[in-house]
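Have the structure open while you read.

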Amino acid sequence: MKPILIRALIAAAAVVALLSAESVERIVVKKPFDPNVDGRASARHPPVLYHGGVVLNQKPAVYVIFYGSFAPTTSAIVKRFLTDINGPAPNNPYEVNTGYDNTGAGTGTHIQPTFFYTPNAFPGDPNGSLYNDNYSLGKGTMITGAGVVKILHNAFAAGLPASSNAVYFVLTSPDVTARGFCSNYCAYHSNHTVMVFGAGVNIRYALVPDPTQACSGCDGNVVVFGQNNTPNGDMGADSMTDSIIHELSESVTDPDGTAWYAADNSENADLCNYRYGPGPYLMSNGANANFENNGHFYLIQRIWKRAAGPCASNP
């Protein structure tokens, strides 16, 4: 492991121990719900400070690699979620990130309110943002940190564009085991350099496993509200949408672990992990939701608002 980010390694120590022999550059995790930490998050107000690093403020692309076999309803919820948060829209949570710029003084180039995303499959659509990987590492293979990087390499070899101005989400299906998932993390983001035509490209990516595999500790409806249902009736998809907004926000504001984070090493989504209110509303199926767009409902965490704080669901 390349020790380029001491503070990120400290923040993710439990998972780093599992991945110490693998070629990942660093990881920053979203942890399972901990009532001793997340239950008192509203009392935490550390400032998120700029440390001089790169931010993805040039309207990045977002790609999703579906690894394994997903129920059509699960993948459909994820696809439309990325469309629904690709603002501008009323109370769009992704737009909270527009408060972050590349100077720390608010005078630089800010994160844009939208990103490039086309909910079509690549290579069927050359502009498509979705790529299906039918167990390229072998069915039954446990996914490790190095395995995630291999999945990315396989997608690039198949023609998926490799860009430093993009965030790649690797989503693994319920039958795929990811090392450390549930016990140590719900999702994580990282970066890795790949060679494209002889030049190194810094790839920013996130792993978001489908927690249908009896991992309720990553689902807000279960751990925060004590419910046994989710807004779309699909715990895997609904949990992944919460993790996606978390990792996407951190990937654009702190893609290499050198830009925006607090003194305790928390990034802007970490400070609001499992914070959904005030205002979640009860749906007819008994689940809570707090974001709606295009007639679709989700329960997704808030993001730390840089200008004023604390956790916010819109800019």
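This is a predicted model: local features need pLDDT of at least 70, side-chain atom pairs count only at pLDDT 80 or more; totals for chains, interfaces and linings use all residues.

Residues are numbered from 1 along each chain as its sequence is written, and side-chain values use heavy atoms, with hydrogens and water left out.

How many disulfides are there? Taking a disulfide as a pair of cysteine sulfur atoms within 2.5 Å, the count is 2.

| Disulfide | S-S distance | S-S torsion |
|---|---|---|
| C186 and C218 | 2.1 Å | about -90° |
| C272 and C311 | 2.2 Å | about -100° |

Let's start with C186 and C218. With its torsion of about -90°, this disulfide is left-handed. The pair links distant parts of the chain, 32 residues apart: C186 is in the loop between β5 (166-172) and β6 (187-196), while C218 is in the loop between β7 (199-209) and α5 (220-223). Helices (H or I, at least four residues) and strands (E, at least two) are DSSP runs here, numbered from the N terminus. Both C186 and C218 are buried, meaning under 20% relative accessible area, against over 50% for exposed and partly exposed in between (1.4 Å probe, protein chains only).

Now for C272 and C311. The torsion is about -100°, so this disulfide is left-handed. C272 lies in the loop between β8 (260-262) and β9 (281-282) and C311 sits in strand β14 (residues 311-312), so the pair ties together parts 39 residues apart in sequence. C272 counts as buried at 0% relative accessibility, and C311 is buried with a relative accessible area of 16%.
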